Amino acid sequence: MSQIIRDEGGCTLTIGDTAPILSDCHPGDSIAVNGTCLTVTVFESTKDGSWFTVWLANEILSRTELGELSMAIKT
């Protein structure tokens with residue numbers, strides 16, 4: 001499960017299937033995504049896998065590669 005929910009200020013990015021690389025995480029933790037340090041807003045670990053959510057402001061989208069990647073993920 002990966003998704004992007006866009007709004008006027010930026011977007012919320014959810015990255016799923018993270019269990020093989022991310023076993024323990026908490027809201028407020030910093031995590032690097034494509035070299036950009038972001039703050040985890042939600043982390044869920046379930047028997048089916050784990051996922052986390054981060055907030056990307058428009059400034060981050062315009063100054064990093066994440067802006068181009070966000071266009072590739074269908075919402």
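Predicted model: local features only at pLDDT ≥ 70, side-chain atom pairs only at ≥ 80, totals over all residues.
## Strand pairing

Two strands pair if DSSP finds at least two bridges between them. Strand β2 (residues 10–15) runs antiparallel to β5, with 6 bridges between them. Within that pairing, T12 has W55 of β5 as its bridge partner.

Strand β4 (residues 36–46) also pairs with β5 in the antiparallel sense, again over 6 bridges. S45 stands opposite S50 of β5. The two strands β4 and β5 form a hairpin, and 2 residues lie between them. In a regular strand, side chains alternate between the two faces of the sheet.

## Nonpolar core

The largest nonpolar core has 15 residues. Which of its members touch the most others? They are I31, F52, V54 and L56. In soluble globular proteins, nonpolar side chains tend to be buried together.

I31 shows how contacts reach along the chain. Leaving out residues up to four places away in sequence, I31 touches L22, T36, C37, L38, V40, F52 and V54.

## Cysteines

How many disulfides does the structure hold? The count is 0. C11 is in no disulfide, and its nearest cysteine sulfur, that of C37, is 16 Å away. C25 is in no disulfide either; for C25 the nearest cysteine sulfur is again that of C37, at 11 Å. A disulfide needs two cysteine sulfur atoms within 2.5 Å.

Are C11 and C25 buried or exposed? C11 counts as buried because its relative accessibility is 1%. C25 is buried too, at 7% relative accessibility.

## Salt bridge

A search of the whole structure finds 1 salt bridge. It joins the side chains of R63 and E59, with an N to O distance of 2.3 Å. Both residues lie in helix α1 (residues 58–63). R63 and E59 are 4 residues apart, about one turn of the helix.

How accessible are the two partners? R63 has a relative accessible area of 65%, so R63 is exposed. E59 has 45% relative accessibility, so E59 counts as partly exposed. The cut-off for exposed is over 50%.

Key:
Residues numbered from 1 in each chain as written. Heavy atoms only, no water. Salt bridge = Lys/Arg side-chain N within 4 Å of Asp/Glu carboxyl O. Buried < 20%, exposed > 50% of the residue type's maximum accessible area, 1.4 Å probe, protein only. Core = buried A, V, L, I, M, F, W, Y, C linked by side-chain atoms within 4.5 Å. Contact = heavy atoms within 4.5 Å.
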